Amino acid sequence: MYLSVAYYPEHWPRTEWGKDIGLMADAGINLVRVGEFAWSLIEKESGRFDFSWLDEIIGLLDKYGMKIILCTPTASPPPWLVEEYPDILLVHANRSRRLLGSRRHYCYNNQNFHEHTVNVVREMGKRFYNCPTVFAWHIDNEFANEGTGKCYCQVCREKFHNWLKARYGDLDELNRKWGTVFWSQVYTKWTQIELPVNAFDGTVELQPAFRNNPSHLLAFQRFASDSYIGYLRLQIDALHGERVSAPVTTNFGEFSANEIDYYDMAKNLDIVSNDCYPDPTISDYTRQAFVYDHSRGIKGERFWLMETTTGSMGICWARHNGPKPLPGSLRVLTYQAFARGAELINYFLWRTCRFGVEQHEMGILDHDGIPRRRYEEIKKIGLEWNKLRKELSIVPQKNEVAVLFSYEHLWSSRISPISPKFTYLGHLSQYHRILQEMHVGVDVIPYDRDISAYKVILAPFCCMVNDEIAAHLTEYVKGGGTLIVTIETGMKDFEGVITDETLPGKLKALMGVEVEHFEGLPNNENLTVCLNAGNKKIRSAPLIWRDLLNSIAAEPVAVYENGYSKGQPAITRNIYGKGYAYYFGTVCDDKFTREFIKCVVKEKGIKPLITEEREGLETVRRGKYLFILNHSQRNKTISLGRTYEDKLTHKKLKGKVKLETKGVMILEPT
Ligand SMILES: [Zn+2]
């Protein structure tokens, strides 16, 4: 368990450093992340390096027994480098250069940038490879965020062609797989292939909308992701070449860009780090719960929360300046991340910046460096962690339910949207949120993970299916698992081309249904779906989309009540081998979906952690400990089914217990 802060000593006079680090140590902070935007200080001009200020900081940290997460500074190439090599600047989809003045203004494929990256990273490696104060290395910062997911420069164009040659071998294969016969796009030379602009890509300013071949877009997305991973690899190899042996990581950018396949990227990292900025003024904890469950699922183990909130993020990131966090919010949010698998919490940031765009982003300290309520709250956590560190250093729990996540499915949903109202993440998180509110733990994992031990697997919007996925899911159900799939299942191959089989394609036998047709439902069309849940009937309008199902072997679970599809199933269940395969052929409201999920969970004998489903009340199991967190602004009463000891108060608890607003319990069964 590590408490850490992002610190920018370069923002403050040297005379302040000792006081800052002393305050950190008093608060139980044992790690400091430094250097991620400091290239122009580390290398003042090409080849002239200065590490004296880092030496000084490391010396001060040593005095207090603290350690450093040392960052490579490549997210902000310095002015001298841009002046010397203007071609390193990233080119946006509208072919404008991203100019110096902010950050992330580089092309990840540019050779000049690669050379200078290797120079600075090697020098840092040489200088600090055997420094015992360096706890870990941190590469760059939030790759691909802030509209930098794809570069459209000439270098990238050439490298894209090479990437395509390696993937497809010859042009005939590419033409066939992409269906370039559509709109007369059959290529006869690699150099004819442009860098495509996705009219639906919300991450950058775009040219007037036009439509590109979705297979072409998907290939370019994969190429951009691979390119970023290559750039990460370049830095890791440079560090390893200088005998660096401490763990290496980079901070993922949560779900803000989704331009990189983090499952692929994480294969290069010693540990997954993700950033997440919950809003400390609201009760809804489910958004960040999804981020943390995904972070833990990337490698299936503990992760580091490399940036998290210490207050309002300010107008430059949140588009509004929020109020100061309510008392207890930072503490409850810290325990939430820990309960869901974080081993390290790095607060962003130590002290509110006096200059630069983050002037309204609240640090633990304000601009004047005087410790106030936010500091005292972090200090309380530090004191608690010092006492609990040994006991709570446990591996995260595996849950009985998992949601399968795929960046390729996400990209496909973005490239060929089924509705402006639909997002892949929104669809997955509806199921995740409902399970959290029911107090059923969920893992979020990739499709290639071993799923045999899970009781229920959800594979929402599984729009691209190959033989491996079909076999994986079929074996799982055959062996006794319960699978839930939803709309668009099995529709495409991994080039983004629709199958010529009757849907759900490769999963037809498993699901025991045929999709008669699929259609958008922009206005709900006055339809209702009815679910028989025990002795009650639950109804919802089918929202956004439906795959209209005809049963071959499956039984109906919910049916349409009106229109020409009256009596046809909206949800089916197929018995396959020892398991069940559910097809949820539309999107329904939360109440309906919750009742459906409850039926499935009950059928599998999965018990919720507690029974009270109340706003802002979160439960998580980590190891033998049950965490109960009250994010709401009201005290809550909870019924405990057995006797526990609260590790924070050492009180024995049983029956009905009160948890105050923003309160935390860590319960050990006695
Ligand atoms: Zn480029």
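1. How many of the five residues of strand 5 (residues 67-71) are buried? Five of the five are, so strand 5 is largely enclosed by the rest of the structure. Strands are DSSP runs of E with at least two residues, helices are runs of H or I with at least four, and both are numbered from the N terminus.

2. A quick word on the model before going on. It is a predicted one, where local features need pLDDT of at least 70, side-chain atom pairs count only at pLDDT 80 or more, and totals for chains, interfaces and linings use all residues. Residue numbers start from 1 along each chain as its sequence is written.

3. Back to strand 5, which is covered on both faces: K67, I69 and C71 are buried on one side, I68 and L70 on the other. Strand 2 (residues 31-34) pairs with strand 5 in the parallel sense over four bridges, and V32 has I68 as its bridge partner. Strand 6 (residues 134-138) also pairs with strand 5 in the parallel sense, over four bridges, with I69 opposite A136. Pairing here takes at least two bridges found by DSSP between two strands.

4. Now the domains, whose bounds come from an automatic or database assignment. That assignment gives domain 1 (2-150 + 224-392), domain 2 (154-220), domain 3 (401-603) and domain 4 (617-669). The centres of domain 3 and domain 4, taken over C-alpha atoms, are 34 Å apart.

5. Contact means C-beta atoms, placed from the backbone, within 7 Å. Axes are lines fitted to C-alpha atoms, for helices over the stretch in contact, with angles from 0 to 180 degrees between N-to-C directions.

6. The other sheet to look at is open too, with five strands in the order 24-25-28-26-27 and antiparallel pairing. Strand 24 (617-622) and strand 27 (652-659) are its edges, each with a single partner strand, so one side of each lacks a neighbour in the sheet. The twist averages 25 degrees from one strand to the next. F627 has I666 in strand 28 as its bridge partner.

7. Last, the largest nonpolar core. This has 196 residues, of which V5, C107, I457, L483 and Y582 touch the most other members. Helix 8 (residues 214-241) gives the most to this core, with 13 residues. Such a core is a set of buried Ala, Val, Leu, Ile, Met, Phe, Trp, Tyr and Cys residues joined through C-beta atoms within 7 Å. Leaving out residues up to four places away in sequence, I457 touches A402, L404, I451, Y476, G481 and L483.

Technical notes: A residue is buried if 20 or more other C-beta atoms lie within 10 Å of its own, exposed if 12 or fewer, and partly exposed in between; C-beta atoms are placed from the backbone. Two residues are in contact if their C-beta atoms, placed from the backbone, lie within 7 Å.
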